[in-house]
Structures are given as C-alpha cells and as structure tokens.
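Biologist: I am new to this structure and would like a close look at a single part. Please take me through the disulfides.

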Amino acid sequence: MKRILSLISAVGLFGLSQSAHAALNCKEIVKLKSYETPDTVIIRIMQEQESTAGFGQEEVACLEKNKVSPAIIEIAKQIAAANQESTELAPIERGMDGDSDFEEDNQLDDVGNQPSEIMEARNKLKSNKPLTASFILYTLIEEYLKCLAEDRDEKECRELATYPQYNIEIYYYLAKSLENLKLYHSAQHYYIQVVKAGPKTQYFNSALPMLVKLSRITGDERTLRKVAERLPANRFPRKAKNHLHYLLGVKNFSDEEYRKSQENFSKVTSRSILQLKARFFEGVIALKSNPQLAVRAFRDVYEERVEPQDEREARQIENIKDLALLNHASIYYTGKKFSDASKLYQEMNRESKYWPESLFRDAWANFMLNNLDITLGKILTVESPYFRDNQFIPESTILKALTYLRFCDFSRVEKIIAQFKGEYEPVHKEIEAVLTEYESPEAQKFSDKVWDRYFGEEDMKDTQLPKAIFNKILSNQELANTADHLSLMREESAKIDVQKPQWRDSLGKHLQDLIQEDLVRYKRRAGILLLNELQTQEEMIRNLMDQTGYIEIDLMEQQKSDFERKAANINTLSFNQKFNVDFATSADFIYWPFNKEFWADELGYYSIIADNSCK
C-alpha cells in the first residue's frame with residue numbers, strides 16, 4: 001500500500017516522478033487504475049522501471065483478466081517478451097511485442113548445410129524471438145551493408161559478408177523477423193531485396209506473397225507493379241497471382257490498352273476487394289463503348305458481398321461500393337434520365353464519405369428537372385457546417401447562382417458571385433504561385449519541400465487554401481497511401497528508438513538510416529502527386545471563375561430586360577417582390593424548420609422556396 005501511495009503522490013505532485021521505479025506488477029497496475037490514474041502515466045512508469053525482472057506472461061494474463069486498457073496490455077506484452085529474450089540477447093530489456101505469425105514454408109525446410117548462425121536465427125524466429133533472430137542475422141551482413149552504403153563495388157562488398165552465398169536467405173529471414181516485430185517498412189525493404197534477386201532463388205515464391213501482404217499495410221505497390229510488368233504470368237506465385245493480375249490490369253488501363261486490361265481483370269478470381277476493384281475498372285472501360293455493360297458492372301460492385309479482412313479493408317470496400325453507385329447514377333444523368341439518376345443518388349448511405357457529392361449531383365439532376373426548391377435545399381445541406389471543413393465542392397456555389405438566376409433574383413446572384421470571387425481568387429493565386437515555383441524539372445527534384453509546406457509535422461502557416469481542399473486532394477488513393485506510409489515510417493522510427501543499445505545501435509541504426517533516406521524519397525514522390533492534384537484543382541477553380549463571368553454577362557442582359565418590363569408597369573410587383581423577403585422560407589432568415597440551425601436528421605431534406613420575379 002505504501003508503494004502505491006508513493007506512486008500516486010508522485011503522479012499528483014509532478015504528473016510523474018522523474019526517477020525510475022521498481023517493476024510494477026499486475027496487482028499494482030490494477031490498483032493505480034482504480035484511482036483513475038491516466039493510462040499515459042501508468043505506461044510511463046512501466047517504461048521507466050529500473051528493472052522488469054519477474055514480469056512475464058502471467059502478469060499479462062492477469063491484466064487481460066482484469067480488463068485493463070489495450071494500450072497498457074500492449075506495453076506489458078512488450079516487457080514480458082523482452083524478459084523472455086533477455087537471457088538470449090543481453091542487455092536488451094524490452095522487445096517490441098511477443099506475438100508471432102511466423103509460418104515456415106515447406107519448400108524452405110530443406111536446410112542442407114546451412115551455417116549454424118542461420119539455423120540458430122531460424123530457431124529463434126520459430127520460438128517467437130524475432131528480436132534475437134534479427135540481431136543474429138544482421139551481424140552476418142553488417143559489414144557488407146555498410147560497404148554498400150559507401151557506394152563501393154558490390155563484388156568488393158560481398159567479400160565482407162560472413163556467408164555471401166546465403167545473403168538472399170539472410171534477407172528473407174531478416175524480413176520475417178522485422179515483420180514479426182511490426183517494423184513493416186523495414187521488413188518490406190528486405191522482402192524487396194529478395195524479390196529483386198528474381199525467381200531463380202528458392203525464396204522468391206515465398207517473398208512475393210509476403211510483399212503483397214505488407215502492401216496492404218503500407219499502401220506501397222510500386223515494386224509489385226514492376227514485378228507484374230516484367231515477370232511472365234505463368235511464373236506468378238499462386239498466393240500472389242490475383243494481386244499481380246490486378247496490378248497488371250491497372251497498368252494496362254493507364255496505358256489505354258483496354259483489351260489487355262480486361263483480360264487481366266478477368267483473371268482476378270478471388271471473392272475479395274481486389275475483385276471489386278477489378279470489376280469497377282471493367283465498368284469504367286465499358287463506359288467508353290457500352291453504357292449498359294457499365295451499369296451491369298457497377299451494379300455488380302455495390303451488390304456483391306465481400307467479407308473484409310480488417311477495419312481498414314472494410315472502409316475501402318464501402319468506399320468502392322459507394323463510388324460504383326455514384327457512377328451508376330451518373331450514367332443515367334449523362335443519358336438525360338434525370339429522374340432515374342436522382343433516385344439512385346438518394347440511395348447513397350448518409351454515413352458515406354461520398355454522400356455530400358451525391359447530394360450535389362442530385363441537386364444538378366433536380367435543377368435539370370426544374371425542381372429548383374429541391375436544388376436549393378440540397379445545396380444548403382452541402383454548404384452546411386457539417387461539411388464545410390471536409391468537403392471541397394465549390395461548383396455548388398455556381399449551381400446556386402444559376403438557380404437564383406432562373407428565379408430572376410438578380411441581387412442574390414450578384415452577392416453569390418461576389419462571395420465566390422472573394423473566397424476563391426486568393427486560393428487560385430496561391431495554387432498558381434506554387435505551380436509556377438515547381439514548374440521546371442529541376443525544381444521538381446525538391447518536391448519534398450512542397451509536401452512539407454502543406455503536410456509537414458509543423459503547423460501550416462500563411463496559406464489561403466481551405467482545409468477542405470486538402471481532404472479533396474487526399475481522395476487521390478496513391479497520394480493518400482503515400483501519406484499513410486510516411487506516417488508509418490515515422491512511427492517505426494519511434495519504435496526503434498525505444499530499444500536498448502545493443503540492438504538499437506547496430507541493426508536499429510541501420511534501419512533508421514534506411515528510414516531517413518526513404519522519408520525524403522517518399523516525400524518527393526508525395527510532392528509530385530500533390531503538385532498534380534493542385535494542378536487539377538487550379539484548372540477546376542479557373543474554369544469556375546470563367547463561368548462566373550458568363551453568369552455576370554447573362555445577369556446583365558436579364559436585368560436590362562427585367563428593368564424594362566418592371567418600369568413599364570410598377571403595379572404588377574407583388575409585396576414579396578418589392579421587399580424581396582419571405583420570412584417563412586428565405587435562406588437569409590430561416591433554415592426550415594429550425595431557425596439558423598442544422599440538424600443531422602434534417603440534412604438532405606431542406607427545401608428552399610425562393611421569390612420568383614420572372615414572368
């Protein structure tokens with residue numbers, strides 16, 4: 001009890017004592033939680049312990065039984081796993097985690113005359129000791145890797161490896177070890193080294209599926225795409241076949257080789273998210289020649305039932321289904337079947353990230369049907385505070401101006417156009433300036449700087465670009481994946497930093513060097529993708545600003561005609577036209593049925609009845 005009170009006292013007075021504490025046990029941690037001690041404080045105490053001796057799997061089981069938070073249990077697992085390894089790799093006291101999904105491939109069991117160190121590393125890996133395994137393997141190629149880092153000749157460097165003829169095998173098991181430590185970027189690096197060696201090695205068919213698996217975590221498929229392009233299809237490993245055919249289909253599609261693209265997509269046979277993506281692409285291809293086939297493909301996508309492997313994949317499946325529905329509706333819109341299009345737009349799930357987009361498109365469909373009160377109501381929802389910071393749909397302002405122009409509400413149209421210019425002219429100027437700065441190929445070599453400007457770790461300053469435009473830009477899946485990968489690398493670097501010196505200062509330092517080099521490379525790639533997206537937004541805003549000019553010309557012509565008509569007979573004006581206010585429904589005064597309030601369950605159902613001055 002005295003020990004608990006001393007810990008609570010330290011927490012209460014200083015947030016956390018600056019001195020390290022002796023090892024906490026399960027009972028003490030549960031007691032601290034009963035005093036409502038924050039998880040962050042308990043974790044820091046656990047991490048700053050002078051000793052972790054005696055803390056093992058039984059303590060982890062005790063914490064799980066008492067339903068302590070997952071964050072504390074994760075740290076407990078790390079400490080327990082490190083204690084298990086400490087007798088093998090002194091003086092490391094803490095590993096990354098004790099879980100392992102290592103499954104030895106049958107084709108790799110024929111070890112022959114493998115060196116004893118490799119055999120030992122494999123045994124440690126099988127025994128759920130990836131930290132020790134990775135350390136042993138790294139020592140066998142440490143001098144070789146240092147030599148390569150100095151840009152020396154590869155043949156010269158090979159002589160420095162302990163067992164140069166086993167380098168590929170060492171890479172493979174090092175990748176497995178790092179993967180089990182959840183150092184996914186580093187693991188990916190070494191799987192890539194195995195894959196680069198080609199199918200002539202016995203580890204190729206095992207490494208490639210592992211690279212596919214990691215690509216789901218990192219979002220990086222560049223190496224896989226290159227493999228798909230260069231490797232004959234009959235050499236695709238069974239476990240990677242669907243993914244490689246899908247990537248090859250995407251490559252064919254981007255090269256406008258649509259027949260080859262369809263052939264590869266048709267070979268994606270597993271009932272999975274890959275098949276949904278492949279079918280979606282088939283719908284896009286069919287749009288060019290046969291809209292009915294496109295409708296069938298998109299319907300297949302949003303009606304197909306696919307079980308996700310994790311939460312991230314579940315979100316991706318929802319997104320692609322919603323996109324398929326959106327495209328299906330847009331086919332009807334393009335075919336001028338506006339009523340059918342509107343019905344499909346309204347089927348979009350209100351929780352979908354594409355719901356605001358479907359509302360905007362439905363507003364256009366109702367505009368074409370001359371349901372102008374519904375058009376204005378849907379625009380009101382799109383422009384509501386619920387979506388202001390995360391949805392970039394400036395076209396809605398143009399549609400609103402056109403709608404009020406139909407009502408001959410000229411003063412409102414003038415205000416809308418003036419507001420649009422005031423909001424988007426500074427945005428357009430900033431984007432133009434950035435694109436001009438990075439216009440030359442030489443300047444694009446430093447594209448990591450533009451990425452850091454908008455997405456760096458420091459807060460953004462002095463920008464006219466709204467938050468919503470960055471959400472729009474990150475809808476580019478390749479850019480979003482690259483951003484996620486950059487975040488994953490930073491997290492991985494932090495994981496490496498918490499290790500003890502023997503591992504951290506050898507293999508850990510090597511991995512940190514790789515990560516820092518890759519951070520710059522990936523930021524340059526992200527910067528180029530960002531510039532491409534900014535170019536798209538610049539063209540769109542410029543086009544909309546041109547449209548405001550056309551509206552102003554039309555506005556002046558209609559105003560002239562309307563003034564002439566009204567001057568001829570002033571007594572024809574109604575009360576509402578004279579004062580231009582409808583206190584029951586005017587958007588300036590009330591959002592029916594709540595005065596200047598938006599309610600989630602009312603979004604999408606507003607109807608704005610505007611004053612009609614037209615005759």
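Modeller: There are two disulfides in this structure, which is a predicted model. One of them pairs Cys26 with Cys62, with 2.0 Å between the sulfur atoms. The torsion about this S-S bond is about -70°, so the disulfide of Cys26 and Cys62 is left-handed. Cys26 belongs to helix H2 (residues 26-34) and Cys62 to helix H4 (residues 57-65), so this link ties together parts that are 36 residues apart in sequence. The two ends can also be described by their accessibility. Cys26 has a relative accessibility of 2% and therefore counts as buried, since the cut-off for buried is under 20%. Cys62, with a relative accessible area of 26%, is partly exposed.

The other disulfide joins Cys147 to Cys157, and its S to S distance is 2.0 Å. The link of Cys147 and Cys157 is left-handed, with -70° about the S-S bond. Cys147 is part of helix H7 (residues 130-149), while Cys157 is part of helix H8 (residues 154-158), so the pair connects parts that lie 10 residues apart in sequence. As for accessibility, both Cys147 and Cys157 are buried.

Taken together, the links run from helix H2 to helix H4 and from helix H7 to helix H8. Of the cysteines named here, Cys26 is buried, Cys62 is partly exposed, and Cys147 and Cys157 are buried.

Technical notes. Residues numbered from 1 in each chain as written. Predicted model: local features only at pLDDT ≥ 70, side-chain atom pairs only at ≥ 80, totals over all residues. Heavy atoms only, no water. Disulfide = S-S within 2.5 Å. Helix = DSSP H or I, 4+ residues; strand = E, 2+ residues; numbered from the N terminus. Buried < 20%, exposed > 50% of the residue type's maximum accessible area, 1.4 Å probe, protein only.
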